[in-house]
Each structure stands twice: as structure tokens, then as C-alpha cells.
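I opened my notebook to look up charged pairs and helix packing.

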Amino acid sequence: MTNTPQAAPASKLKQAITGPMLYLFILGDVLGAGIYALVGEVSGEVGGAIWVPLAAALLLALLTASSYAELVTKYPKAGGAAVFAERAFKRPALSFMVGFCMLAAGVTSAAGLSLAFTGDYLKAFLDVPPVPAAVVFLLLVALLNARGISESVRTNVVMTVVELSGLLLVIVLVAVMVGRGDGYTEQITQFPAGANPATAVLGASLLAYYSFVGFEVSANVAEEVRDVSRVYPRALFGAMLTAGVVYLLIGIAASSALPTEELANSSGPLLAVVSATGFGLPDWFFSLIALVAVANGALLTMIMSSRLTYGMAEQGLLPAVFGKVLPNRKTPWVAIAVTTAVAMVLTMTGGLASLAETVVLLLLLVFLSTNLSVIVLRKDSVDHPHFRTPLVLPYLAIASCVLLLTQQSGSVWLRAGILLAIGGVLYLVRRAVKGKAG
């Protein structure tokens, strides 16, 4: 629970994010590109019972979200999971690797989203080479990020309204379709023939979980939120529950509109759903909405990555130069420039699918650290009121992370292991440089 908060400590960053802005910030990141592409993939695992793994993934994500609610309001500093690990375990190497996991996930996700932006959806309007276009797209995102957090979050508000409106339109069109007696509502409770429902739901929950990650991004702008102890838990849980309800309705709508085989084989499942309703909306319409959703996710991910880099520099986990801010805009310009450059390079190293799978594994490792940190730091007192989660929830969250990690393939583990090895080398180099300076 929370009490009336006291004034937050002074920060070099501008506190420009209000409660409604934070709610839409989180909602926009959770309602990202995933739902536009993953409905068909989930259907391939569970048939028409798409809503079941979506509901399971929401519950699993809420367990870890409760740990973030406690730690963010307890330690409202940019840096997120890396700051929590530093306080909990007092091991610089571990703190660095947690932060690096988050950074690697963030820039990898942004690279994947930039490729998604410049793929088939953009081709509905403009046919350009994907990788160069992705680089230009990331540059534009960086310029908006550097301009200011309030400008970036206000842009997110507009984008979130657009993508949410598109999802609500799908729900309404299918509801009208079912109301006139059409559709395949009997599929809602059907699993594939011969499939074990429990095994199918578990496998599909990993895909569905990807649609809910994104809430952790908000931990890295905590220092820029007004009245964070009161505002953050409400915005976090409100946004996740809103996204969960929308996703459940989308799952039910999708399985009601199309035969499951057709849905599972579609690369643009929601576009196929809208076409099946028979209302004659043009194809470019949903391509435009998907572009807005992907662009919104990329913007929020790059905000997170740059603020995390800044926060790690403030904690001494990265060189101090990453803590430099623009004097007028109060944005971490060095962190923005470097994270953008890394994302640009990653666009040249793999496709969207391989990048997305790596993101999920890295975030699960981060979530493990955060849930352990809540338990370790429970006895640590601070001089301001903050949210407290029931202690059983972090333990359940740890179990959920381990369960999902067991579902990852060996190739994904190998890819993530290479990234973590690079992080280990960077840490050793940083230690060596500090040792010489000392």
C-alpha cells in the first residue's frame, strides 16, 4: 500500500511525466507491435483457445510487475533493475550484468522493431530497402528522444490512442459480425486435435508473454515522474489490466472471425480478421495502424535504453560521460547517441524473429534479479512511503520466470549467451580502466 508521499529527492532530470502520461506510456509500450503479429502464432499452438495463454501470460506478468511497483516507488531513480540489483546484492559485477541484460534487450528490441517498421507494413506505402530505412527511422526516434521526455511521452499519447483505437475497432467489427450470426464462435474453447491442452497453453504462454513485456521500461523514467510513490502503482497496474482486457477480447475476436488454420497461417492476422468481417476496410488502413504501433514501441524502448544507460553511469556502472545531459533540454544526449548507434548496428545482424526471441530470454533474466531484489531489500527502510507487495508474490514470480525460461530453445540460449559474454568483457575492461586510473 502507499501513503501520502513526501517530496522526491532532487534530480538532474526534469520531472515532467504526470499520472495520465505515465499510464499511457506503459499502455503504449505493452500494446506494442506484438499483438499485431502474435495472434496467429498463438493460434498455431492452442487453436481457437487464444484467450487462455493470454490470460495466463497476464497473470505471470502481473507477478513481476508487483515487484517493480515496490522497488520503483522505494528507489525512484533512473536505472531500473540495475539499481535494484546494486542495492540488494552489493556486487558490482552482478549489477552491471543485470543492467547490461536490460540494455541488450532494449537495443535489440528497438532494432527488431525498426526492421518491423520498414518491412511489409511500410511497403504498403513506400518500397525501400529495409536496413537503410531502419537506420533512418532510428535516427528520427533519437532526435525526438533528445528533444525532451515530455515531447516524447506526448507523442506516445497520440500513438497509443491510434493503436488502441485500431484494436478496439477489430473487437467492434467482429462483435457486429457475430451478432448477425456469422463467424466461428465454437472455436473459442477448442484446442488442436490430439494436442495436450496444458502443454499447448504453456508453449503459447511464452509467445503471449512477449506481448505483455514492456512494463519494465517505465522503471527507467521513474526519476522523471511527478509524485511517483502515488502515481506509479496506479499507472502500472491500470495499464497492464487495460492491455490484458483488450488482448483477451482480441483473442476471442480473432478465433471467432476465422478458421484457426487460416488464422495460424496468416502473417497479418488482424488484417485477415478485419477482412473476414466483410466491412470492406482498405488494406492500407491497418498497415498504417501497425506502423504507428511499431513506431510507438521503438520510441518507448529507446527512451528506456537511454535512461538506463544514464542511470548506470550515475551509479558508477558505466563511464561518467554517459551521464551528460543537454543543458536546456535536460535529456541524456550521450546515452541517446550511443544506444541509437548500437541499435543501428543490430539491424544488420539478424531478422525480427531472432531478435525478438533473444529479447524475451534477456528480460526473464532481468525479472529474476528484480524479484530476488524485492525479497532481499524488504528490510531496507527509506524515508518516504512506498508501495509494498505481498511477500508471496515475488516468490511466485521467480517460479514463473524459471518456468518460462525452460521453454526457450537452445539456439536462443546460445544467442543470449554470446550477448552476455560481450557484457562480461565490457565489465572486465571497465574494471581494468578504473584500476589504472586509481
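I began with the rule for a salt bridge: a side-chain nitrogen of Lys or Arg within 4 Å of a carboxyl oxygen of Asp or Glu. This is a predicted model, I noted before counting. By that rule I got 2 salt bridges.

**Entry 1, Glu70 and Arg378.** I found Glu70 in a salt bridge with Arg378, where the closest N and O atoms are 2.7 Å apart. I checked where the partners sit: Glu70 is in helix H3, and Arg378 is in the loop between helix H15 (352-376) and helix H16 (392-405). The pair is 308 residues apart and links distant parts of the chain. Next I looked up accessibility, with under 20% counting as buried. Glu70 has 0% relative accessibility, so I logged Glu70 as buried. Arg378 has a relative accessible area of 17%, so Arg378 is buried too.

My other pair was Arg180 and Asp182, whose side chains meet at 2.8 Å, N to O. Arg180 comes out as partly exposed at 45% relative accessibility. Asp182 is also partly exposed, with a relative accessible area of 36%.

I went back to H3 (residues 51-74) and looked at its packing with H9 (residues 197-212). Their axes come within 8 Å and cross at roughly 60°, so I wrote the two helices down as oblique to each other. H3 passes H9 in a right-handed crossing. On the H3 side I listed contact residues including Val52, Leu60 and Thr64; on the H9 side, Ala204, Tyr209 and Phe212 are among them. I sorted the contact residues into 13 nonpolar, 2 polar and no charged.

How values were computed
Residues numbered from 1 in each chain as written. Predicted model: local features only at pLDDT ≥ 70, side-chain atom pairs only at ≥ 80, totals over all residues. Heavy atoms only, no water. Axes fitted to C-alpha atoms, helices over the stretch in contact; angles between N-to-C directions. Helix = DSSP H or I, 4+ residues; strand = E, 2+ residues; numbered from the N terminus. Parallel < 35°, antiparallel > 145°, perpendicular 65-115°, else oblique. Left-handed = near helix turned anticlockwise from the far one by under 90°. Contact = heavy atoms within 4.5 Å. Nonpolar A, V, L, I, M, F, W, Y, C, P; charged D, E, K, R; others polar. Buried < 20%, exposed > 50% of the residue type's maximum accessible area, 1.4 Å probe, protein only.
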